[in-house]
Amino acid sequence: MSDPGYTVRCREYAEAIWELEEAGIPVRQVRIARWLGVTPVSVSEMVRRMQVEGLVLIEGEIRLTEEGRYLAEVVVRRHRLAERFLSEVLELPWAKVHEEAEVWETMISDDVEKAMWAKMEDPQTCPHGNPIPGAGYQPPEMKPLSEMDTDEALLLERISEELELDVEMMRFLDENGLRPQCRIRMIQKDPYGAVTVEVGDRQVGIGRFASERLFVAVEASRSP
């Protein structure tokens, strides 16, 4: 991987494959293309090159090899550490840290990573509730917000990486107080999957796509 451009793309693809697996989405070329916002042709060429490098296997779906998984874990860990650092230490707007972390993750060395761990006292998740690989995070039992019952009240645990890719969506969540550990009460659900929830002193309408990608902690249930 001596080509710097290829090295950067390789990291991006390994990270995307990891995140698709984490979300339970079958890892196929068309899914990677949508996730990264690139053409299927570009994905095909890149995946073939990664296969030659021994980073992925193609067996119906695309899977990371042991070497590919190690690379992906490093990238994802540094990305989520960077998000946490940017949000908590540098106090950047919460909705913007994902995009900024895409740049930071490529420049974090082993020494800087260790310093970030120490500075933030061993964080276990990114600001959006996604686990930092190697941090020992033990997630509670969760379910999508879309599966909450009317009048059920739960704590938001995680915002999927798929939503993090949409800056406007993240801004919407931020402006309406939909951050991990906020208390959410289900007000109503419509037949098309959209929901209305209560967060603090406001009611918020959320479409089906987002409500299926916001996860609440079942064991954190409270009386409404």
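The structure holds one cavity of 30 Å³ or more, a cavity being a set of points on a 1 Å grid over the protein atoms alone where a 1.4 Å probe fits but cannot get out. The model is predicted: local features need pLDDT of at least 70, side-chain atom pairs count only at pLDDT 80 or more, and totals for chains, interfaces and linings use all residues. Residues are numbered from 1 along each chain as its sequence is written, and side-chain values use heavy atoms, with hydrogens and water left out.

**Domains**
- The protein is divided into domain 1 (4-64) and domain 2 (142-217), with bounds from an automatic or database domain assignment.
- The centres of domain 1 and domain 2, taken over C-alpha atoms, are 29 Å apart.

**The largest cavity**
- The largest cavity contains about 40 Å³ of space, its volume being the space filled by probe spheres set on the points.
- Its lining (residues with an atom within 4 Å of a point) consists of Glu 19, Glu 22, Ala 23, Arg 158, Ser 160, Glu 161 and Glu 162.
- Because domain 1 and domain 2 both give residues to this lining, the largest cavity lies between them.

**Helix 8**
- In helix 8 (residues 167-175), a DSSP run of H or I with at least four residues, Met 169, Met 170 and Leu 173 are buried (under 20% relative accessible area, 1.4 Å probe, protein chains only).
- These three residues cover an arc of only 100 degrees around the axis, which puts them on the same side of helix 8.
- Glu 168 and Glu 175, on the other side of helix 8, are exposed (over 50%).

Terms used. Helices (H or I, at least four residues) and strands (E, at least two) are DSSP runs, numbered from the N terminus. The arc is that of the directions from the helix axis to the C-beta atoms. On a 1 Å grid over the protein atoms alone, a cavity is a set of points where a 1.4 Å probe fits but cannot get out, and a pocket is an open set with protein on both sides within 12 Å along at least five of seven lines; lining residues have an atom within 4 Å of a point.
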